[in-house]
Amino acid sequence: MQSDDVSDCVREFIFNCIDSVQQLDILRLARIDPARGWTSHVVSSELRSNPALISRRLESLEQLHLLVQRSDHPGLFFYNPGDEQTEQTIAEMLDEYQIRPHRILELIYSQLKKGRDFADAFQMG
């Protein structure tokens with residue numbers, strides 16, 4: 001691995017789970033205090049973004065099992081990476097994003113990822 005490269009586990013995580021910088025920012029925000037629940041309106045205010053778009057991003061992260069809505073707190077999303085390996089990968093990704101954001105942005109918006117997303121649009125299922 002070159003000194004300016006990110007690890008394979010971060011590359012794979014981004015390729016499989018992260019489609020936007022907003023998702024990265026939501027994970028960063030939620031990870032600060034895992035016991036705190038976040039609504040789409042609070043997150044959109046913090047990130048200065050459209051609440052409807054943030055709502056879709058929160059739901060996508062929930063589908064990936066990175067956030068969870070608890071039955072006693074509907075509408076609140078809590079950070080929940082599920083296992084220690086995922087937590088370590090997210091921590092590494094966010095550290096890398098802070099140090100060398102261009103490397104993470106290149107991975108999020110790579111042509112290879114766009115090609116995979118385009119091909120996925122044609123899958124039957």
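**Ground rules.** I am reading a predicted model, where local features need pLDDT of at least 70, side-chain atom pairs count only at pLDDT 80 or more, and totals for chains, interfaces and linings use all residues. Residues are numbered from 1 along each chain as its sequence is written, and side-chain values use heavy atoms, with hydrogens and water left out.

**Entry 1, a helix pair.** I began with helix α2 (residues 21-32) and helix α5 (residues 84-99), which pack at about 115 degrees with their axes 11 Å apart. Helices here are DSSP runs of H or I with at least four residues, strands are E runs of at least two, and both are numbered from the N terminus. Axes are lines fitted to C-alpha atoms, for helices over the stretch in contact, and angles run from 0 to 180 degrees between N-to-C directions. I noted α2 and α5 as roughly perpendicular; angles under 35 degrees count as roughly parallel, over 145 as roughly antiparallel, 65 to 115 as roughly perpendicular and the rest as oblique.

Which residues make the contact? From α2 I listed Val21, Leu24, Asp25, Leu27, Arg28 and Arg31, and from α5 Glu87, Ile90, Ala91, Met93, Leu94 and Tyr97. Contact means heavy atoms within 4.5 Å.

Next I looked up Leu24, which lies in helix α2. Is Leu24 buried or exposed? Leu24 is buried, at 0% relative accessibility; buried means under 20% relative accessible area, exposed over 50%, and partly exposed in between (1.4 Å probe, protein chains only). Beyond neighbours within four places in sequence, I found Leu24 in contact with Ile18, Met93, Leu94, Tyr97, Ile104 and Ile108. Leu24 and Tyr97 are 73 residues apart along the chain, yet their C-alpha atoms are separated by 8.8 Å.

I then turned to Ser40 in helix α3 (residues 40-47). Ser40 is buried as well, with a relative accessible area of 16%. Setting aside neighbours within four places, Ser40 is in contact with Pro51, Ile54, Ser55 and Leu58.

I searched for disulfides and found zero; a disulfide is a pair of cysteine sulfur atoms within 2.5 Å. Cys9 is partly exposed at 32% relative accessibility, whereas Cys17 is buried at 14%.

Arg48 has a phi near 55 degrees, positive although the residue is not glycine. I placed Arg48 in the loop between α3 and α4 (51-63), where Arg48 is exposed at 74%. His65 has a positive phi near 65 degrees and sits in the loop between α4 and β1 (67-69). His65 is exposed, at 59% relative accessibility.
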